[in-house]
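Here is a set of questions and answers about a protein model. Each answer sets a value against a cut-off and draws a conclusion.

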Amino acid sequence: DLGTFWKGYVLDITGPAWNYILFRGLFTSYSNNAWFRFFTPKRTLIIFLLVCFGIETMQYFKIYESTFDPYDLLAYVSIFIPLFLIDFKLYKQSQKT
């Protein structure tokens, strides 16, 4: 048992971050297709923040049985903002070439 931090917040950070990487195609050098052109850094950030905050909002209003934790929102932002900034810088550099 690694405790609630490792079970909750680490998963709230690594899960969305890994999905961001997958949706953006940052795991491969081949990313020139319609899917990856649609998921620009800005669009991906907005979609993922809306989904994550939407899930937390549904938990807050008890739309489904789960535990609302406001620190989950901080976990999402703490990974998405740095990931977006790095991705956006790389995206801009790739657009110049």
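Predicted model: local features only at pLDDT ≥ 70, side-chain atom pairs only at ≥ 80, totals over all residues.

Q: What share of the residues in the protein chain is buried?
A: Of the 97 residues, 26% are buried. To count here, a residue needs a relative accessible area under 20%. The chain exposes about 6,900 Å², and carbon and sulfur atoms supply 68% of that.

Q: Why is the pair of phenylalanine 23 and tryptophan 35 called tilted?
A: By the pairing rule there are 12 aromatic pairs. In this pair, the ring centres of phenylalanine 23 and tryptophan 35 lie 5.5 Å apart, with the planes at 40°. Centres within 6.5 Å make a pair. Planes under 30 degrees apart would be stacked, and over 60 edge-to-face.

Q: Why are phenylalanine 23 and tryptophan 35 called partly exposed?
A: Phenylalanine 23 has a relative accessible area of 27%. Tryptophan 35 has 44%. Buried needs under 20%, and exposed needs over 50%. Both values fall in between, so both residues are partly exposed.

Q: How do you know that tryptophan 35 and phenylalanine 39 are also a tilted pair?
A: Their ring centres are 4.8 Å apart and their planes stand at 45°. Phenylalanine 39 has 8% relative accessibility, which is under 20%, so it counts as buried. One aromatic cluster includes Phe23, Trp35 and Phe39, along with Tyr20, Phe38, Phe48 and Phe80.

Q: What sits over the ring of phenylalanine 38?
A: The charged end of arginine 43 does, 4.5 Å from the ring centre. The distance cut-off is within 6 Å.

Q: What makes the phi of lysine 62 worth a look?
A: Most residues other than glycine have a negative phi. Lysine 62 is not a glycine, yet its phi is positive, about 55°. This residue lies in the loop between α3 (41–60) and α4 (70–96).

Q: Why are lysine 62 and phenylalanine 61 called exposed?
A: Lysine 62 has a relative accessible area of 66%. Phenylalanine 61 has 56%. Both are over 50%, so both count as exposed. Phenylalanine 61 lies in the loop between α3 and α4. It is also one of the residues in a nonpolar surface patch of about 750 Å². Others in that patch include Val51, Ile55 and Tyr64.

Q: How do you know that glutamine 59 is buried, and what is it in contact with?
A: Its relative accessibility is 8%, under the 20% cut-off, so glutamine 59 counts as buried. Glutamine 59 lies in helix α3. Beyond its neighbours within four places in sequence, glutamine 59 is in contact with Tyr64, Ser66, Thr67, Phe68 and Asp72.

Note on methods: Residues numbered from 1 in each chain as written. Heavy atoms only, no water. Helix = DSSP H or I, 4+ residues; strand = E, 2+ residues; numbered from the N terminus. Buried < 20%, exposed > 50% of the residue type's maximum accessible area, 1.4 Å probe, protein only. Phe/Tyr/Trp six-rings, centres within 6.5 Å; stacked < 30°, edge-to-face > 60°. Lys NZ or Arg CZ within 6 Å of the ring centre and 35° of its normal. Patch = residues over 30% accessible without salt bridge, like charges linked within 9 Å, V, L, I, M, F, W, Y side chains within 5 Å. Areas by Shrake-Rupley, 256 points an atom, 1.4 Å probe, with all protein chains shown as cover. Salt bridge = Lys/Arg side-chain N within 4 Å of Asp/Glu carboxyl O. Contact = heavy atoms within 4.5 Å.
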